[in-house]
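Thanks for coming. I will walk through one structure, beginning with a pocket and then turning to the core.

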Amino acid sequence: MQWSSLQVNIDTESIWHADAQNLGWSAILALGSFTAGHFALRSGGTPVDYNIAGRILCFDSRLQHRALPHKGSRISIVAFQHPLRGVFSPGVQGQLKQLG
């Protein structure tokens, strides 16, 4: 999978939302010393909670999802494809790829 963007969240909780503009699959990972703070994904009617502590979860971010409350220090990293990723010139795209 290829992603154009990384988002770093520090001690973030979120309400149910969908990232309607994202393209394709996203990936999320949580790091830190915390309890609870699972990632919830709603596909259809029933939400499913995922423990993403030290684990990468790939998901369709156009589905409803949220970060549940936690205690402690929690950092989550989300990789996704931004819809404007194609507006950069090939040279800039190459430079960004070299940066990782």
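**The second largest pocket**

In the second largest pocket, strand β7 contributes the largest share of the lining, four residues. Strands here are DSSP runs of E with at least two residues, helices are runs of H or I with at least four, and both are numbered from the N terminus. A word on the source: this is a predicted model, in which local features need pLDDT of at least 70 and side-chain atom pairs count only at pLDDT 80 or more, while totals for chains, interfaces and linings use all residues. Residues are numbered from 1 along each chain as its sequence is written, and side-chain values use heavy atoms, with hydrogens and water left out.

The volume of this second largest pocket is about 260 Å³. Of its 17 lining residues, those closest to the centre are Gln7, Asn9, His17, His65 and Val78. A pocket, on a 1 Å grid over the protein atoms alone, is an open set of points where a 1.4 Å probe fits, with protein on both sides within 12 Å along at least five of seven lines; lining residues have an atom within 4 Å of a point. Grid points are joined across faces, edges and corners, and the volume is the space filled by probe spheres set on them.

At least two lining residues come from each of β1 (5-10), β6 (64-67) and β7 (70-81). By class, the lining has six nonpolar, eight polar and three charged residues. Nonpolar covers Ala, Val, Leu, Ile, Met, Phe, Trp, Tyr, Cys and Pro; charged covers Asp, Glu, Lys and Arg; the others, Gly among them, are polar.

**The chain and its core**

Now the chain as a whole. It has one helix and seven strands, in the order β-β-β-β-β-β-β-α along the sequence. Of its 100 residues, 28% count as buried, meaning under 20% relative accessible area, with over 50% exposed and partly exposed in between (1.4 Å probe, protein chains only).

Which residues make up the largest nonpolar core? The 10 are Ile28, Ala30, Phe34, Phe39, Leu41, Ile52, Leu57, Phe59, Val78 and Phe80. β2, β3 (39-42), β5 (57-59) and β7 each supply at least two of this core's residues, and β2 gives the most, three. Such a core is a set of buried Ala, Val, Leu, Ile, Met, Phe, Trp, Tyr and Cys residues joined through side-chain atoms within 4.5 Å.

Next, some single residues. Phe34 sits in strand β2 (residues 23-36) and is buried, at 16% relative accessible area. Leaving aside neighbours within four places in sequence, Phe34 is in contact (heavy atoms within 4.5 Å) with Ala53, His70, Lys71, Gly72, Ser73 and Arg74. Phe34 and Val78 are 44 residues apart in sequence and 18 Å apart in space, C-alpha to C-alpha.

Not counting residues up to four places away in sequence, Ser76 touches Gln7, Val8, Asn9, Ile28, Leu29 and Ala30.

Last, the aromatic rings. A search of the whole structure finds one aromatic pair. The ring centres of Phe39 and Phe59 are 4.8 Å apart and the planes are at 55°, so the pair is tilted. Rings of Phe, Tyr and Trp (its six-membered ring) pair if their centres lie within 6.5 Å; planes under 30 degrees apart are stacked, over 60 edge-to-face, and the rest tilted. Phe39 lies in β3 and Phe59 in β5, so the pair ties together parts 20 residues apart in sequence.
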